[in-house]
Amino acid sequence: YLPHNTTALSSDNINILDLSTKRHGGYTGREFIEPKLNKLAKGEAFPFAFLGDSITAQTDPKGGGFVERFRDWARGKYKNIEYVRMARGKKGEPVSPANGQVAIVMAGVGGDTSVRGLARLDDHVLVHRPDLVFVMFGVNDENRRGNGNGVPPDQYEKNLTELVTRIRGGGGEPVLMTTSMKNLKWEATVGNLDEYARRARKVA
């Protein structure tokens with residue numbers, strides 16, 4: 001993590017991953033996405049969407065972002081890939097893949113919370129009528145505001161639930177992702193990101 005005024009690297013810039021952390025399981029929900037995967041396997045037109053914050057939006061010249069990696073994997077598997085990036089304040093033209101084609105809508109916007117994600121869900125995601133929507137919020141929701149979180153865990157859970165409801169109402173199925181980890185020394189970190197991950201698993 002590099003604040004704008006960084007002049008030298010220190011341990012405060014680095015988040016050490018605890019490899020002893022136990023994995024959580026049992027939240028696959030594959031029965032909900034199986035019909036969508038069958039559609040994909042049949043070669044029907046298939047739009048994917050990725051909704052999130054800067055973790056979703058990140059780009060790298062070497063393809064380091066997870067959406068870019070998914071896009072590159074898909075290019076090796078499917079004949080035609082349409083890749084569209086959304087931007088704050090802009091409404092996208094609906095993607096229209098033909099049979100045998102896959103569309104990937106990257107709808108990550110840096111700094112977004114689940115509140116902002118809900119606000120742009122229609123224009124950035126549902127307009128494309130995606131079959132699967134990958135949703136990852138939490139890092140910015142957890143950020144400090146006053147003496148608490150910017151978006152408290154209870155509201156975050158409600159927002160995720162509404163996202164699920166609206167995505168399904170638009171004909172898609174959501175895939176909820178727990179957010180990445182944060183360094184507890186970072187100024188904006190409250191330190192209860194594990195609660196956000198727990199709420200996401202609860203909604204899932």
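Q: Which residues does leucine 121 touch, not counting residues up to four places away in sequence?

A: A contact means heavy atoms within 4.5 Å. Leucine 121 touches Leu51, Leu126, Leu163, Arg166 and Ile167, with residues up to four places away in sequence not counted. This is a predicted model, in which local features need pLDDT of at least 70 and side-chain atom pairs count only at pLDDT 80 or more, while totals for chains, interfaces and linings use all residues. Residues are numbered from 1 along each chain as its sequence is written, and side-chain values use heavy atoms, with hydrogens and water left out.

Q: Which residues of the largest nonpolar core touch the most other members?

A: A nonpolar core is a set of buried Ala, Val, Leu, Ile, Met, Phe, Trp, Tyr and Cys residues joined through side-chain atoms within 4.5 Å. Buried means under 20% relative accessible area, exposed over 50%, and partly exposed in between (1.4 Å probe, protein chains only). The largest nonpolar core has 23 residues, of which Leu51, Leu121, Val125, Val133, Val135, Tyr156 and Leu163 touch the most other members.

Q: Which helices and strands each supply at least two residues of this core?

A: Helices (H or I, at least four residues) and strands (E, at least two) are DSSP runs, numbered from the N terminus. Here β1 (46–52), β3 (101–108), β4 (132–136), α7 (153–169) and α8 (193–203) each supply at least two residues. Helix α7 gives the most, with four residues. Another core, of 15 residues, lies apart from this one and includes Ile33, Leu40, Ile104 and Leu132.

Q: Where do the buried residues of α1 fall when seen down its axis?

A: An α-helix has 3.6 residues a turn, so residues three or four places apart point the same way. In helix α1 (residues 30–41), the buried residues are Ile33, Lys36 and Leu40. They fall within an arc of 60° (taken from the directions from the helix axis to the C-beta atoms), so they line one face of the helix. These buried residues pack against β1, β3, β4 and β7. On the other side of α1, Glu31, Pro35 and Ala41 are exposed.

Q: Is threonine 189 buried or exposed?

A: Threonine 189 is placed in the loop between β7 and α8. Its relative accessible area is 5%, so threonine 189 is buried. Threonine 189 touches Glu142, Arg144, Lys182, Asn183 and Leu184, again not counting residues up to four places away in sequence.
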